[in-house]
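Biologist: I have a model open and would like to go through parts of it with you. Can you put it up?

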Amino acid sequence: MQASTQVQHTEVSNKWKMRDFITLAIFNVVMLIVITIVGMIAHPLGYLVGGGLTALLNGPIYMVMSNKIGKRGILLFSALILGLYFVAFGYVQYLIILTVFGVICELVMWGSDTYRDPLRNACGYGLYYVSYSLCGVLPLIFFRDQYMAVLKLSYTPSKLENMLYYYETPSMVILMCICSFVGAFAGCMAGKALLKKHVKKAKLV
Amino acid sequence: MIALNGVTFLYGHDEEETGVRGVSLSVQAGECAVLCGRSGCGKSTVLRLINGLAPSFFPGRLTGEVLVAGRNPALLAPEERTQRMGVVFQDPRSQFFMDHVREELAFSAENLGFAREDMLRQIAAQAQLLGIAELLDRKLSLLSSGQKQRVAIAAASVLAPPLLILDEPTANLDEKATQAIVELLLRLKHNGTTIVISDHRLHAYLAVADSFICMEQGEVARSWTREAFARLSCADLRPYGLRHPDMTAAGSTGQAASLPVDAPAFLGRDLAFRYPRRGEELDGINLALPKGQVTALIGDNGAGKTTLGKMMSGLLRQRKGKVLDRHTALSASRRRALSYLVMQDADYQLYADSVGNELVLGRRLDDTLRQRAYEALDAFGLSELRDRHPASLSGGEKQRVTMAAAYCSDAELIVLDEPTSGLDADGVLNVAAWARKLAEAGKTVMIITHDRVLTRLACDQVVELKRKEAQRL
Amino acid sequence: MPIDPRTHIAVLLAASLFVMLARGAVQLHILVALSALYLTGNRLLRQAVYGVLAYAAMTALMSVAARHAVTFGIILYTFIRMMPVVMIGAALTGSAPGRMMCALERARVPKPLLVMLCILFRFFPVLLAEMQAIRDGIRARGIFPRWDSALRRPTLLYECFFVPLVVRCLKLSSELAASAELRGIECTRRRTSIQPVGLKAIDGLAAGLYALLAAAGLYATGGLLL
């Protein structure tokens, strides 16, 4: 009987396969769990640092995911998933903001094999978390009137003003975005170290 | 039905040439073949070749010919492959996509776009055939492991494929559940399904298997017919590393003599626990774990063995009753401080970047600890693996690392949860030897297991946990 | 009269819109009541009751807490505003994933997104359980004996979570993907479902009724913030 030789080449393309989507879904679920836990604890006290802290914790997990999949579109799809998650809580506007920023992130990650480059990843991921933070600020900015109306029933206006100072003044918002970016950047750098120490050493990816 | 001719498959690229070489085997239609061999011998690779995942899903170089019902499985279209073969994996956690049993059974058919009435009819028929009709409306997360595997087999066979492939289906199951699975396979075989199984526990399949094919280091070593295999003694199987119900260690088992009444021991008095949602309950448990000895905790799946193990080691706080060290009551946190639980899945408990670091994790490295670590590396055969990352090791090696870490720790009570599931014969004998080594080092060892061989080889006393009312399986 | 998952999504989006327009406690009460009604209509009475009870508890708590802790009040208010939508979301999670996948495919949602949504729904509790198992594993090994040991070595704690989590996630992804492929996920034929899927009159009725009642209710009790 003639033996037929079947040789397989590994493809390096930007085409997503089902297994990439499944990997994306599983890792995003983990990151969503972290976002939910930190969000419940830090909100809205840690508006300044909440985003940064989440980004720091999720950074290494994101790094593993992006190294495993390594194809263009990771940040956009992750943004979509996060946005859809928020839709379930009633925040449809988050989906819009996150999608827009998702596209911007993809532009930042333009090029070949950028998802395996730690520095580029850090930038793209940083931007992703900036958009996450901006989302968090929106209800308080847009629905200030409603919030004020209800809370005015019980507190003194001055106390309230003091509290809301953080969420409205542009300088505070910018500071929050910076915190998120820095947290994400640090998370990615920590992720790079952990990736080398564990994932690459054990040849998991 | 299945024919492999001179097949060589090597994973990955050039450096590590793992895989199978020159494999030729055949399975006739309607027969059942069992693949066996040591861990890492290539059984899973052969299964992957048969179901076509190698080379399409697992990249590698393939030479030779693989034919399933005359076609190359890797070249089949998705619809064809799904209808020609059903595959059941070892871990139910990662093969279920849905919440409820009925939907899980329907998943393959839904993917293929079958008509609704046909699907419902087929599901009902298959559930009837496999005896799971009463489980159809239950939630998957509330089923026992045995029930989950039966559902998995039903889901894989709902489209009545002519070939069914099972990869270590009984690894996590006790004897009763294993019997139930074999029963199921018999029914499917009577219907004409060809079955290929890979497993370590071989004698359970005597009722359904027609041939046993043994692999060694990527090649086919021997094959036996059912009758020939049944006649083999433990000694005949030893060189191949296969498990046998009569396994004994090379030397004596060193059972301890019966103890005086007031010997030092960890005692559990009138312990009770209940999981709020699942309704599993432990009540009025009395238990004595003599120090420096190995105690086996046996009982059916779901009787509460793991719960009791977690209680004794302080991971769970008991609702009633006390745990005592001789006469002093121990709080849950105190118990946690002096015990060490080795979980069934070693992946959950390996954190460091090398085996050496894993053994001393989290502690200050002084000379005594260093000495102990070297001892442990030698005793558990890990010296060559010292600098390897734990996550790159095989299942059996990972198990060794967690047990070596237990040896190094200061814990007095060591609980091993199902340490031999998925291990080959060498693995089982090693676990028995190390459990005794831990006991000789003065630790109290409690092994939760449903493996009778391990119980016989390693344990000084056996405690059996029975469920109060029998649940319908 | 099972309502199609697409209708649930439409009602969910409508509810989001109405919550955005709502101001004042009374309007939120109306929306929560409507959500409870919707859930009851879908035979999810238990979820409806839980939702209403949770809402009532939080509202009561807020009027008490608001006096003393402003930030706590703000947190509560955010959750309170989420309730009407979350309750509708319960209708979505209450329907079978297979049914949802089929319905969404008919709405031309691409297959990868279907699979991802299915995994999101199904594996959220699974991965949560995995993280708890990892936590148990850490406690079982006694790496952090004292309550403050973990605080003193946060990087080690993170690493102890990170390594098993990554190993499990990679393994899970690989096995799921293999299983999905073998069960025909890549098949190009149209999906079907063992549950009835299809937009019928009842769907339009339910959605329309919800929108009407919500708009009317809000208008009557203080106008729509438009």
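Biologist: Is A109(B) buried or exposed?

Modeller: A109(B) counts as buried, because it has 26 C-beta neighbours inside 10 Å. Buried means 20 or more other C-beta atoms within 10 Å of the residue's own, exposed means 12 or fewer, and partly exposed is in between, with C-beta atoms placed from the backbone. This is a predicted model, in which local features need pLDDT of at least 70 and side-chain atom pairs count only at pLDDT 80 or more, while totals for chains, interfaces and linings use all residues. Residues are numbered from 1 along each chain as its sequence is written, and chains are lettered from A and ligands numbered from 1 in the order in which they are written.

Biologist: Which helix does A109(B) lie in?

Modeller: In α4 of chain B, residues 101–111. Helices (H or I, at least four residues) and strands (E, at least two) are DSSP runs, numbered from the N terminus.

Biologist: And what is A109(B) in contact with, leaving aside neighbours within four places in sequence?

Modeller: F114(B), M119(B), Q122(B), V158(B) and L159(B). Contact means that the C-beta atoms, placed from the backbone, lie within 7 Å. As for T82(B), it is 27 residues from A109(B) in sequence, and their C-alpha atoms are 9.0 Å apart.

Biologist: How is chain B divided into domains?

Modeller: Domain 1 covers 2–240 and domain 2 covers 265–465. The bounds come from an automatic or database domain assignment. Taken over C-alpha atoms, the two domain centres in chain B are 32 Å apart.

Biologist: Now the contact of chain C with chain B. How many residues from each?

Modeller: 42 from chain C and 48 from chain B. On the chain C side, α5 (97–106), α6 (111–141) and α8 (154–182) each supply at least two residues. α8(C) has the largest share, 14 residues. By class, the chain C side has 22 nonpolar, 7 polar and 13 charged residues.

Biologist: Staying in chain C, how do α1(C) and α9(C) run relative to each other?

Modeller: Their axes come within 10 Å and cross at roughly 5°, so the two helices are roughly parallel. Axes are lines fitted to C-alpha atoms, for helices over the stretch in contact, and angles run from 0 to 180 degrees between N-to-C directions. Under 35 degrees counts as roughly parallel, over 145 as roughly antiparallel, 65 to 115 as roughly perpendicular and the rest as oblique.

Biologist: Which residues meet there?

Modeller: Among them are A10(C), A14(C) and L21(C) from α1(C), and A207(C), Y210(C) and L218(C) from α9(C). By class, this contact has 11 nonpolar, 1 polar and 1 charged residues.

Biologist: What about α1(C) and α2(C)?

Modeller: Those axes come within 11 Å and cross at roughly 170°, so α1(C) and α2(C) are roughly antiparallel. V11(C), A15(C), F18(C) and V19(C) in α1(C) meet L31(C), S35(C) and Y38(C) in α2(C).

Terms used
Two residues are in contact if their C-beta atoms, placed from the backbone, lie within 7 Å. Ala, Val, Leu, Ile, Met, Phe, Trp, Tyr, Cys and Pro count as nonpolar, Asp, Glu, Lys and Arg as charged, and the others, Gly among them, as polar.
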